[in-house]
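Hello,

Here is the structure for you to look at. My notes on it come after the display.

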Amino acid sequence: LLVAGSALATAGLAIGMSKPALAEFEIQESQVEKGELEFEYRGAVHWGFPKTEKEDAGDDEEGGALEEEDEGPLRQSHDFEMQYGITERWLFSTTLTADQPLGENFNVSSVELGLQYEIIQREGNGIGLAFQTEYGFGTRVGDPDEFGFGPILELATGKLLITLNPVFTDQVGENATTDGLGFEYGWRAEYDFAKHWGLGVEMFGE
């Protein structure tokens with residue numbers, strides 16, 4: 001049993017995400033281990049809202065906002081995720097997302113179900129490759145469901161590991177507001193400078 005808690009450390013901005021947003025602030029690894037059960041929490045607090053956006057949302061908080069900044073519409077977000085290795089290749093995941101949009105109350109925004117298949121197993125240095133797909137059920141009135149899919153690519157050399165998570169998304173159902181596929185990406189560069197210590201940089205966008 002592996003119990004993991006992740007703290008958010010990102011470079012860059014998460015810009016204008018539609019809700020529900022699949023895999024927000026998550027870098028998924030390609031490796032799957034049969035029978036491994038993992039629980040993970042991801043939380044984020046957002047700030048730097050443009051003044052006009054705060055006024056539109058009815059938020060009267062003062063200070064810290066610059067009009068030229070472009071920030072996402074969320075005040076806070078929380079992901080509670082469970083992953084389980086069904087076989088040596090297949091992984092199942094489920095995620096409950098709760099958030100507080102700017103000027104609104106805190107509540108559950110989506111429930112996601114996902115599958116991952118490991119295509120190339122990485123052992124030490126080299127390449128790891130997997131394919132992931134997720135379906136997010138919007139829980140707010142008027143929110144669309146969202147489907148996402150894409151590869152997971154790992155490149156390892158020595159103490160450096162680079163992980164890439166490109167994801168194509170599409171809204172589903174009568175509340176869909178998009179006409180085609182969307183694209184989200186996340187990547188992480190991690191350097192292990194000691195046996196139990198490493199330093200990483202992550203970036204997300206769409």
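The notes below cover strand pairing and a surface patch. Please keep in mind that this is a predicted model.

Strand 5 (residues 107-120) pairs antiparallel with strand 6 (residues 126-138) through 10 bridges. Within this pairing, leucine 115 has threonine 133 of strand 6 as its bridge partner. The two strands form a hairpin with 5 residues between them, and glycine 124 in that turn has a positive phi of about 75°.

Strand 6 also pairs antiparallel with strand 7 (residues 145-157), here over 11 bridges.

Strands 8 to 10

Strand 8 (residues 160-172) and strand 9 (residues 182-194) run antiparallel and are joined by 10 bridges. Asparagine 165 lies opposite glycine 186 of strand 9. On to strand 10 (residues 197-205): strand 9 pairs with it in the antiparallel sense over 8 bridges, and tryptophan 187 has methionine 203 in strand 10 as its bridge partner. A hairpin of 2 residues links strand 9 to strand 10.

Surface patch

Tyr84, Ile86, Trp90, Leu115, Tyr117, Ile119, Ile120 and Phe131 make a nonpolar surface patch of about 700 Å². Strand 5 contributes the most to this patch, with 4 residues. Tyrosine 117 is in strand 5; it counts as partly exposed because its relative accessibility is 32%, between the cut-offs of 20% for buried and 50% for exposed.

Regards

Technical notes: Residues are numbered from 1 along each chain as its sequence is written. This is a predicted model: local features need pLDDT of at least 70, side-chain atom pairs count only at pLDDT 80 or more; totals for chains, interfaces and linings use all residues. Side-chain values use heavy atoms; hydrogens and water are left out. Two strands pair if DSSP finds at least two bridges between them. Patches are made of residues with over 30% relative accessible area and no salt bridge: like charges are joined within 9 Å, nonpolar side chains (Val, Leu, Ile, Met, Phe, Trp, Tyr) within 5 Å. Accessible areas come from the Shrake-Rupley method with a 1.4 Å probe; for residues, only the protein chains shown count as cover. A salt bridge is a side-chain nitrogen of Lys or Arg within 4 Å of a carboxyl oxygen of Asp or Glu. Buried means under 20% relative accessible area, exposed over 50%, partly exposed in between (1.4 Å probe, protein chains only).
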